[in-house]
Amino acid sequence: MRPLRVAVIGGGPGGLYAAALLKRLDPERDVTVWERNAPDDTFGFGVVLSDETLGGIEHADPAVYAALQAEFVRWDDIDVVHRGTRHTSGGHGFAALGRRRLLEILHERCRQLGVDLRFRTEAPPADALAHEYDLVVAADGVHSATRDAHADVFRPRIEEHRCRYIWLAADFAFDAFRFETAETEHGVMQLHGYPYARPSPDHHPSPRPSGPPLPVGDSTVIVEMREEVWRAAGFADLDVRESVERCAKIFTEALGGRGLRSNNSAWTAFRTVVNETWSHGNVVLVGDAAHTAHFSIGSGTKLAVEDALALAACLQEQPTTAEALAAYEAERRPVVASTQRAARASLEWFENLGLYLDQPARQFAFNLLTRSRRVTHDNLRLRDPHFTQAVERDFGCPPGTPPMFTPLRLRELTLRNRVVVSPMDMYSAQDGVPGDFHLVHLGARALGGAGLVMTEMVCVSPEGRITPGCAGLYTSEQAEAWRRITDFAHTQAPGTAIGVQLGHSGRKGSTKLMWEGIDEPLPDGNWPLVAASPIPYRPDSQTPHELTVAELADIREQFTAAAWRAARAGFDLLELHCAHGYLLSGFLSPLTNHRTDAYGGSLTNRLRFPLEVFDAVRAVWPGRKPMTVRISATDWADGGTDAADAVEIARAFAAHGADAVDVSTGQVVADEKPAYGRSYQVPFADRIRNETGVPVISVGAISSWDDVNSLILAGRTDLCALARPHLYDPHWTLHAAAEQGYAGPGAAWPKQYEAGSRRPQTGRLDAPKPRLTLGS
């Protein structure tokens, strides 16, 4: 049964629009909105809505759409000002209006439809309303009393972030979305600005001190900075008026010497809200009560309005309120999760803005534009080809060459492109000897065009294997088998480099093959395990033996012997595996290293043995050939390695001669809680690269050539390693070249495959359009 009596808590855009839609869809409904503030009280100034959201509004309520259309300020450009240089990117398409005007439009529509609007009235508690009304829509914002009252059901997770910001306005209209940095003695600050209103007839702007006149109108201006910068600059001790004056002075150039104004403004830290469930009986959360997304991607009002649209539709489509609320959450949750991932990437970019200050201004602008991964190299090339081509030229891309196909030199090895086939355990060796499977597997990927093809983790001893199927380099027979594979790659895929990853399983060894039970102990035939400390990986795992100093020396020799064999086997690059909880990683993490000797305790001590192994391997590995190291940049667990530690770990390996750091995460402890998502590990590599200057290899859910181009051109990584995409398509790199129309030296097709270097034609999929549409 559809709800006939509806209570809405909160008179923001989400609550008002939900009320209007529910009343419009069923005029018999009794819909009441409680808003504790006055009708014209609001926080902030401008609201940005996307074309997608507007399309939904147009379809659901043409009257509201028409009213919004009459008010919108539209523009296409984004200006990024960095160290006095402005770069403009066009083709983006924005529509904004004043928040107060948006509320007025929604108030008027609600009144037209007969919604009962109760201003300056505190809503009764949601559980009380739930007894009197069929449906309670809790649109009571980021500080939702409804959510707090039923926290045991909604199970909210609220995270406060590291920047302070204040929402202000200027009495002129920016002619673009403007981002500007100010490097002060206290640290870097940033301005986000955009127009939102045309001038009213009685608008009398204050004169500009100098220069050409600024466009009349109004603009939102948000000033943001890290908490420590905010405190060092003295903002914590200023009142609002003093803060506003200080902000105007800091950004005087952007504001043309004009002032700023506030409206219930206060410095605050953004809070990300996530709820495990969005409904409780007949009470449902919408908008900021259910979820928040950082203002830098302009999605707060957008999400709230889209929630209202989806909720109204589900209530119309489903036979019961319970089914409608379940359908609403099922529909909206993945959309919101995707938006929140983009918003997190954006807010973290601004939190870490200082990392990018030394980038050239145009690359800095490209980096900013692609920060959330919603805008990428490919769609930016469509929006503004001239800007994108200029960024490519600055980067060094030859004409017509995508960034991923530019070469990279490490010592005397030049990789012809920036694509790496990531190490992937195949568990298919016999007594550590790679066989025909490895020849075909690695040979196919070498033929597939990647600049560098990496082996799986190759173990330095029988006891260092993860499973009985793991490959090794502890015998001459194994070395000869590897030589067969490197010879094939060098002969049949000239220009492709092949690298070996050396490692020791540590406490994660003596387990079943992956498809028989990942990380599960062998039922029989086990071998003893060793580790930094006697801590089992899982409760059912074997407890490892804590290595003595003498045993550490033996293992160090196993690594050097394997490295010597790797050189004789013809590998072009050697990577030391210090990630994923294997032996060397186990020394680095405080969760797995509880030693009290010189190899435990401080990070310096925990680094000692991995660096000793690195030095020993570097000493026998040919000096002309590069060495990399793979690390887990976070353990995804409290008390473990974090991003700051990872920077110091990378810095230490670079000081000892590492040519690049392969930045992965996790798999160190079994109870980790990773934050999965598209290219979710890249920010760790990005930070290492831009804080230390060490070249990095990024991994982790990078699956499209567009992402590879975007990350490389933005200066967030030097190489991208892809695993699953290369299992799906061994010729992923060549196909990426064909799809981009590239046929240069960065993606040379094998002679035998040249006939397939164009995408095959497909059958016609479109049907003729009807000539006439006849009414019934």
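Author: H12 passes H14 in a left-handed crossing (the near helix is turned anticlockwise from the far one by less than a right angle; clockwise would be right-handed). Before going on: this is a predicted model, where local features need pLDDT of at least 70 and side-chain atom pairs pLDDT 80 or more, while totals for chains, interfaces and linings use all residues. Numbering starts from 1 along each chain as its sequence is written, and side-chain values use heavy atoms, without hydrogens or water.

Back to the pair: H12 covers residues 361-369 and H14 residues 385-395, and they pack at about 125 degrees with their axes 9 Å apart (axes are lines fitted to C-alpha atoms, for helices over the stretch in contact, with angles of 0 to 180 degrees between N-to-C directions). That makes H12 oblique to H14 (under 35 degrees is roughly parallel, over 145 roughly antiparallel, 65 to 115 roughly perpendicular, the rest oblique). On the H12 side, Arg362, Gln363, Ala365, Phe366 and Leu369 make the contact (heavy atoms within 4.5 Å). H14 answers with Phe387, Ala390, Val391, Asp394 and Phe395.

Now the strands (DSSP runs of E, at least two residues; helices are runs of H or I, at least four, all numbered from the N terminus). Take S2, residues 30-35: 5 of its 6 residues are buried, so the strand is largely enclosed by the rest of the structure (buried is under 20% relative accessible area, exposed over 50%, partly exposed in between, with a 1.4 Å probe and protein chains only). S2 pairs with S1, residues 5-9, in the parallel sense over 5 bridges (pairing takes at least two DSSP bridges). Arginine 5 faces aspartate 30 of S2 there. S2 also runs parallel to S8, residues 116-119, through 4 bridges, and valine 33 has leucine 117 of S8 as its bridge partner.

There's also an open sheet of 3 strands, ordered S3-S7-S4 and paired antiparallel. S3 (46-49) and S4 (73-75) are the edge strands with a single partner each, so one side of each has no neighbour in the sheet. From one strand to the next, the twist averages 30 degrees. Zoom in on S4 and you'll find 3 bridges to S7, residues 94-98, with tryptophan 75 partnered by phenylalanine 94.

Alanine 139 sits in the loop between S9 (135-138) and H6 (145-149) and is buried, at 16% relative accessible area. Its C-alpha atom is 5.0 Å from that of glycine 10, though the two are 129 residues apart along the chain. Leaving aside residues up to four places away in sequence, alanine 139 touches Ile9, Gly10, Gly15 and Val286.

Arginine 147 belongs to H6, and this arginine is buried too, with a relative accessible area of 0%. Its contacts, again not counting residues up to four places away, include Phe154, Pro156, Arg271, Asn275 and Asp288.

Leucine 168, in S10 (residues 156-170), is likewise buried at 0%. Among the residues leucine 168 touches, beyond four places away in sequence, are Phe45, Val221, Val244, Cys247, Leu260 and Arg261. Threonine 42 is 126 residues from leucine 168 along the chain, and their C-alpha atoms are separated by 13 Å.
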